[in-house]
Amino acid sequence: MWDARTPFLAGEVAICGQAPLSMFASVLLPLAVAAEGSAGAGATCRRPETEAACAGAPGGAVKACKHHMPVRLRRLMRRKPWHKRAFLDLAELLQRRLRQHRSDNKSNKWRREAAAACKRHLEIAEARKRKMPHLTERTLRVDLAKHLLCVIEQQTPAEIAATYVTSLFDHYADCFDASLESLSYQVPQLLVQAIRWSQEEPCHLRRILDLGAGTGNMGEQLRDLSPRAHLQAVDLSAQMLQKAEAKSCYDELHCSDLAEHLMASERSGLLFDLITAADVFGYVTDLSAIFRLVFQNLESGGLFVFSTEEPTQPEEPEDPEEPEPDVSLGYKLQASGRVAHSHSYILSLVHDCKFQVLRDTRCELRFEDGHPVLGRVFSLTKSPSAQRQCPSQHEGRAG
Ligand SMILES: C[S@@+](CC[C@H](N)C(=O)[O-])C[C@H]1O[C@@H](n2cnc3c(N)ncnc32)[C@H](O)[C@@H]1O
């Protein structure tokens, strides 16, 4: 494995026992070149002067380092143009370079190469799927490649594929908690602060729903906060939920999509007095349906407490050939692979759904690349005076 300190997607993942790695890289590992019996990634290059020097070394004598791995991948791709992994590996490596050297003058060249490699991976995966229809996303990595392509091309997809979220987090469940620790992950604690601030006696909460519960980090905090409450968890990733189950903090665990679960809950007629979402909306683009459903599932006076990530400013040199990143939607897929939502977008949803803002704070959610990831923690209430039905999607929202 190559040395990388930049977790790519969730920003909180490490290969067990290793430095935090890119989500994509970790999904793809072991790298295609390593699998070919070539150099192991992450090894120290003893001839760092040029990529060619490293790549040209006799197999094993000098190992490809993080700088020179693309050379090996490119060689492999030329030798085996139908390789199952090399193209996506290269795309991910180049995207990581783009992210770490945002103002490098080579960035447009890397971006084009990464996009082409991603597209080639998709062609290969689709051909494999036609031949072997039983192959799954975990093997083919089609949704992963599509997501990466959006990141590379700075496009925000209409939605994030559920199969992508599932395979990503299933893959990481085992080392998720250790990785979060290494990134000073703060979100559950920040949400608890917001709940304590908004609710005088949180120990009297009766029914709580934790959206995107993951391995139960939020659940543990909620259990301490409100020992007698009935605590429900929902998450798409069965492996993450297994970890949560082992912590015994939830009374019920549901493996489902957030919106589907909220719809089923609404039909049951059992309302919640608190709904939380800790670091989950980075995997959801348009939040309007979720907000509507949360509103419908809350008791009068109930709380909705969640975090969002702040959009970062693009720093790359301008290239007239590159499409402009679209920020008009109010949310944007970031170079990290997560979705950030603008403050005004969240406030427009608050307004449309007749929520009231109790608390809205800007904070550091975690660290990434040695820098804090900035975001917001909101505490909203369905005030007793807002008993009207939340307007339907077709009534539109401001901004
Ligand atoms: C970064 S983790 C956060 C986990 C937990 N809340 C915490 O603070 O540790 C995001 C979680 O959201 C889940 N998730 C993302 N999108 C989802 C969706 N549409 N439906 C259900 N779960 C989702 C993922 O599976 C993952 O477990």
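Visitor: Is Ser 184 buried, exposed or partly exposed?
Guide: Count the neighbours. Buried takes 20 or more other C-beta atoms within 10 Å, and exposed takes 12 or fewer. Ser 184 has 14 other C-beta atoms within 10 Å, so it is partly exposed.

Visitor: Where does Ser 184 sit in the chain?
Guide: Look at the loop between α10 (176-182) and α11. Ser 184 is placed there. Check its backbone too. Phi of Ser 184 is positive, near 50°, and the residue is not a glycine.

Visitor: Which loop holds Gln 154?
Guide: Gln 154 belongs to the loop between α8 (142-152) and α9. Its phi is also positive, about 60°, although Gln 154 is not a glycine. Now count again. Gln 154 has 19 other C-beta atoms within 10 Å, which makes it partly exposed.

Visitor: Before we go on, how far can I trust the picture?
Guide: This is a predicted model. Begin with the confidence score. The mean pLDDT of the chain is 81, and 75% of its residues reach 70 or more.

Visitor: How many helices and strands does the chain have?
Guide: The chain has 16 helices and nine strands. Buried residues make up 49% of the 399 residues. Among contacts with a separation of 6 or more, 65% join residues 24 or more positions apart.

Visitor: How many residues of strand β1 are buried?
Guide: Read along the strand, residues 207-211. Five of the five residues are buried, so β1 is largely enclosed by the rest of the structure. Now look at the two faces. Arg 207, Leu 209 and Leu 211 point one way, while Ile 208 and Asp 210 point the other way. All of these are buried.

Visitor: In what sense do β1 and β2 pair, parallel or antiparallel?
Guide: Follow both strands and compare their directions. β1 pairs with β2 (residues 230-235) in the parallel sense, over five bridges. Arg 207 stands opposite His 230 in β2.

Visitor: What about β9?
Guide: β5 and β9 run antiparallel and are joined by seven bridges. There, Thr 308 has Arg 376 in β9 as its bridge partner. β8 (residues 356-368) also runs antiparallel to β9, with 11 bridges between them. Find Arg 359, which stands opposite Ser 379 in β9.

Visitor: How many residues lie between the strands in the hairpin of β8 and β9?
Guide: Two residues lie between them. In this hairpin, Asp 369 takes a positive phi near 55°.

Visitor: Which residues of helix α16 are buried?
Guide: Find residues 343-353. The buried ones are Tyr 345, Ile 346, Leu 349, Asp 352 and Cys 353. They cover an arc of only 125° around the axis, which puts them on the same side of α16. Next, ask what lies over that side. The cover includes α15 (288-297), β5 (298-309), β6 (331-333), β7 (339-341) and β9 (371-381). After the helix comes Lys 354, whose phi is positive, near 65°.

Visitor: Can we zoom in on one residue of that helix?
Guide: Take Ile 346, in α16. Ile 346 is buried because 22 other C-beta atoms lie within 10 Å. Leave aside neighbours within four places in sequence. Ile 346 is then in contact with Thr 308, His 341 and Phe 378. Follow the chain from Ile 346 to Phe 378. They are 32 residues apart along it, and their C-alpha atoms are separated by 9.3 Å.

Notes. Residues are numbered from 1 along each chain as its sequence is written. This is a predicted model: local features need pLDDT of at least 70, side-chain atom pairs count only at pLDDT 80 or more; totals for chains, interfaces and linings use all residues. Helices (H or I, at least four residues) and strands (E, at least two) are DSSP runs, numbered from the N terminus. The arc is that of the directions from the helix axis to the C-beta atoms. Two residues are in contact if their C-beta atoms, placed from the backbone, lie within 7 Å. pLDDT is the predictor's confidence in each residue, from 0 to 100. Two strands pair if DSSP finds at least two bridges between them.
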